[in-house]
Amino acid sequence: MFPRRVSYRTFLLRNRSLLLPFMFNRSNLILPLVGVCLTIALSNGADAQEAPTPPPAARISAENPNSFDPATATQAWLDTVPADERAKSDAYFEGGYWLILWNFLLAVAISIFLLASRTSAALRDFAERAAKFKPLQVALYAVPSLLLMYILSFPLNLYQNFYREHQYGFAPQSFVPWFREQLIALSVALIIGTILLIVLYAVFRRAPRTWWIWGTIVTVIFLFTVTFIAPIYIEPLFNTYKPLSNPEIRDPILAMARANEIPVKQVFEVDASRQTTRVSANVAGFLGTTRIALNDNLLTQCTLPEIREVMAHEMGHYVLNHAAKLITYFGIFVFIAFAFSRTLFEVAVKRWGNKWSVRGIADPAGLPLLVVFLSTFVFVLTPFLNTVVRVTEREADAFGINTAREPDGMAKVALKLGAYRKLNPTPLEEFIFFDHPSGRARIRMAMDWKAANLSAGESASGEIPTNR
């Protein structure tokens, strides 16, 4: 819901590149590719227990419900967060602003190094000597190239996804199991990345003038495929999924699924507590593979109203077809990015091609140059890419609150997100850096909904009173 490890972080927005070379660690490979599955990430919370009472300003007077003020109630919820916790959250999230820059600069630096040192050309020459079959040449170039890119980017990966997560208390996993999962993710990346590059370079060879059009089509098909198969075939490489047995939690979720015509018969529990203290859930799949999954942290850290709100939000993504819509939107960005790269690529090859030993777009040795242009394009358009995702999250929030009818539950979940996401950013911050609505925006939506429904005659619990 409220995003995942997301991490999420969400679909290419935390990686600043449209290609696989810089997406090797688990959160920067699997989830960006599957980001449109829209998994959620919440933060630390108390063990499941009776929900805390809303702050006084956020409560409703049965005698005078019209006196309820959503703005005052929103501020009351925000004021429940201690100043030291708010400062820690702000520091963590604002540090992410710099990581966006450092990831971009590292991607560009590695690419330029591979070009200027002629390392990329040497790997291309090796592939051509080893095989005559063009797709095999691409594969022989791709595997060592991707491995080298992973090694060169590993120090930042280690800091960002291991040390920093431990520093802020979001990761209980020790180094050895973490690194083991890195190797699994690397193996998956090598397979997926090599397949993608084989197909893309086949397009580049056959359509050297219109490759940017056909390349977009290939990329969109690839994203659709990976997005829908990853929850079923890739995520289980890292976690164990088992049917949720607690009927008090399972049955309300399935009831909401039936009401929204989501074709599932069970809910799965994921053992994510081995890797993170955050909670996550998703509703993903198609053509008989649709599955509802939530991790064990969600079950132990959230109350039933909060779980209902989270799952209703995730169902909103599914019902509103956000996965397909986001891939379509990003397909437009890919098209523009390829068009942007086409002209610059030709100019760069004319000027530095001999120096780098890059022959043209169909030459695999030019991959680092393509990464430079695509990374730059994504970095510059970060606010707009974030806005595309943020709008769909806002739509899922609205669906969730209308389905679960848990305004206080939504407010509590938004506050839990505040452990790793700045609760009350400036409008400019939210536009540039937030791929989900801020905590303030989400709480305000919940309080607006609460005021509207109470004034329409509902009780504070969301139930419609009956005359007896």
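**Close-up views of a predicted model**

View 1. Val-267 stands opposite Ile-292 in strand E4. This is a predicted model, where local features need pLDDT of at least 70, side-chain atom pairs count only at pLDDT 80 or more, and totals for chains, interfaces and linings use all residues. Residues are numbered from 1 along each chain as its sequence is written, and side-chain values use heavy atoms, with hydrogens and water left out. Strand E2 (residues 267-270) runs parallel to E4, joined by four bridges. Strand E3 (residues 281-284) pairs with E4 in the antiparallel sense, also over four bridges. Here Ala-281 stands opposite Leu-294 in E4. Two strands pair if DSSP finds at least two bridges between them.

**View 2. The two ways out of E4.** E4 spans residues 291-295, and five of its five residues are buried (under 20% relative accessible area; exposed is over 50%, partly exposed in between; 1.4 Å probe, protein chains only). Arg-291, Ala-293 and Asn-295 point one way, Ile-292 and Leu-294 the other.

**View 3. The largest nonpolar core.** This core has 65 residues. A nonpolar core is a set of buried Ala, Val, Leu, Ile, Met, Phe, Trp, Tyr and Cys residues joined through side-chain atoms within 4.5 Å. Phe-204, Trp-211 and Phe-333 are among those with the most contacts inside it. Helices giving two or more residues include H3 (83-116), H6 (175-206) and H11 (322-356). H6 brings the largest share, 12 residues. Another core, of 25 residues, lies apart from it, with Ile-253, Val-267, Val-283 and Ala-404 among its members.

**View 4. Around Trp-211.** Leaving aside neighbours within four places in sequence, Trp-211 is in contact with residues including Val-203, Phe-204, Phe-338, Arg-342 and Leu-370. Contact means heavy atoms within 4.5 Å.

**View 5. A nonpolar surface patch.** The patch covers about 730 Å² and includes Ile-213, Trp-214, Tyr-329 and Phe-335. Its residues have over 30% relative accessible area and no salt bridge, with nonpolar side chains (Val, Leu, Ile, Met, Phe, Trp, Tyr) joined within 5 Å. A salt bridge is a side-chain nitrogen of Lys or Arg within 4 Å of a carboxyl oxygen of Asp or Glu. H7 and H11 each supply at least two residues. Phe-335 sits in helix H11. Phe-335 is partly exposed, at a relative accessible area of 36%.

**View 6. The whole protein.** The secondary structure comes to 16 helices and four strands (DSSP runs numbered from the N terminus: helices H or I, at least four residues; strands E, at least two). Of the 468 residues, 59% count as buried.

Key:
Patches are made of residues with over 30% relative accessible area and no salt bridge: like charges are joined within 9 Å, nonpolar side chains (Val, Leu, Ile, Met, Phe, Trp, Tyr) within 5 Å. Accessible areas come from the Shrake-Rupley method with a 1.4 Å probe; for residues, only the protein chains shown count as cover.
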